[in-house]
Amino acid sequence: MTGGRARGGWWRTGLGVVFTALMLFPVYWMVNVSLTRDTDLRADPPHLFPAHGTVEGYQVALRDQLPYLGTSLLVGLGTVALTVALAAPAGYALAVLRPVGGGVLRFVLLIAQMIPGIIMAMGFYAAYLRLGMLNSAAGLVLADSTIAVPFGVLIFTAFMSGIPGEVLQAATVDGASRWRTFRSVVLPLSRSSIITVSLFAFLWAWSDFLFASTLDAGGAARPVTLGIYRYIGNNNQQWNAIMATAVIASVPATVLLIVAQRYVAAGVTAGAVKD
């Protein structure tokens, strides 16, 4: 019986390794192409390893893409700040203050996340055209926040609903106002949810192409998603530079996910089980 379980475990492990390798192969191929020389890019069959590896693609990417990376970083951090500033108090209000119509508001937030992005982009374009906010980092921050804020409110609401009422009552007995309780008690206890919301807000803003191509396609400061697109043309397909840029752009997201994974797991599952 034990031997059968062991064999079954090996099969499951083997299948897991195979599926993981299949899912990670595009990432490996991206790195492989980024290190391949221009003369080897159209080899038939293609090289599975960069036998004559070069960092020329990374040199080109760093030379051309640093301004775009800077814009993406600015937009990402701005989106995080605006999302947390709006979503955390809203989640506190829904979870602790329980206003009339709170359930309806949560339903509206769910529906808001189902609106197609292209519809929102067209709406923003019409509004920004009148307000003079096209081709600006501030416009992208505001647009990206509309995707992140509803998600953030739901995460904060779920987490803050699990904070023991005795803790909040103790703060009230000590004379703390609702704002002081939120700032000094609730926010420190909500570290996991803050990190979770911040991470997803940053990743959405960092990887956004739809809003960027609609609202900032002609600006001087464009995000890295448009920087990659700039390489692609009928007579100019620098695939090693494209893939090198993709690798560089993937590094911040990868590092953030590795560092914050335990907080993300706690933040996403918060409020799922109550005593």
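Which residues does Thr79 touch, not counting residues up to four places away in sequence? They are Val141, Asp144, Ser145, Ala201 and Ala205. Contact here means heavy atoms within 4.5 Å. Thr79 sits in helix α2, residues 56–97. Helices are DSSP runs of H or I with at least four residues, strands are runs of E with at least two, and both are numbered from the N terminus. Thr79 is buried, with a relative accessible area of 0%. Buried means under 20% relative accessible area, exposed means over 50%, and partly exposed lies in between, with a 1.4 Å probe and protein chains only.

This is a predicted model, in which local features need pLDDT of at least 70, side-chain atom pairs count only at pLDDT 80 or more, and totals for chains, interfaces and linings use all residues. Residues are numbered from 1 along each chain as its sequence is written, and side-chain values use heavy atoms, with hydrogens and water left out.

Turn to helix α5, residues 137–161. Helix α5 has 25 residues and spans 35 Å from first C-alpha to last, close to the expected 36 Å. That expectation is 1.5 Å times one less than the number of residues. Helix α5 also has a kink of about 35° at Thr146.

The largest nonpolar core has 17 residues. A nonpolar core is a set of buried Ala, Val, Leu, Ile, Met, Phe, Trp, Tyr and Cys residues joined through side-chain atoms within 4.5 Å. Those with the most contacts inside this core are Tyr92, Val153, Phe156, Met160, Ile163, Phe182 and Val186. Helices α2, α5 and α7 (178–189) each supply at least two of its residues. The largest share, 6 residues, comes from α5. Tyr92 is in contact with Leu97, Met160, Arg178, Thr181, Phe182 and Val186, leaving aside neighbours within four places in sequence. Another core, of 14 residues, lies apart from the largest one. Its members include Val84, Ala148, Trp206 and Ala260.

Next come the rings. Rings of Phe, Tyr and Trp (its six-membered ring) pair if their centres lie within 6.5 Å; planes under 30 degrees apart count as stacked, over 60 as edge-to-face and the rest as tilted. By this rule the count comes to 12 aromatic pairs. The rings of Phe124 and Phe211 have centres 5.9 Å apart and planes at 80°, so this pair is edge-to-face. The pair links distant parts of the chain, with Phe124 in helix α4 and Phe211 in helix α9 (residues 210–215), 87 residues apart. Phe124 is buried at 15% relative accessibility. Phe211 is buried too, at 4%. The rings of Phe202 and Trp206 have centres 5.5 Å apart and planes at 20°, so this pair is stacked. Phe202 and Trp206 are 4 residues apart in helix α8 (residues 191–207), which separates them by about one helical turn. Phe202 is buried at 6%, and Trp206 is buried at 8%. Elsewhere, ring pairs link Phe25, Tyr28, Trp29 and Phe49 into a cluster.

Now the charges. Side chains of opposite charge can pair when their charged atoms come close. The structure holds 1 salt bridge. A salt bridge is a side-chain nitrogen of Lys or Arg within 4 Å of a carboxyl oxygen of Asp or Glu. Here the side chains of Asp64 and Arg63 meet at 3.0 Å, N to O. Asp64 is buried, at 18% relative accessibility. Arg63 is exposed, at 60%.

Most residues other than glycine have a negative phi. Arg98 has a positive phi, near 50°. Arg98 lies in the loop between α2 and α3 (102–112) and is exposed, with a relative accessible area of 58%. Asn135 has a positive phi as well, near 60°. Asn135 is in the loop between α4 (117–131) and α5 and is partly exposed, at 38%.

Leu110 belongs to helix α3 and is partly exposed at 42% relative accessibility. Leu110 and Leu154 are 44 residues apart in sequence and 8.4 Å apart in space, C-alpha to C-alpha.

Technical notes. Bend = angle between axes of the 7 residues up to and from the residue.
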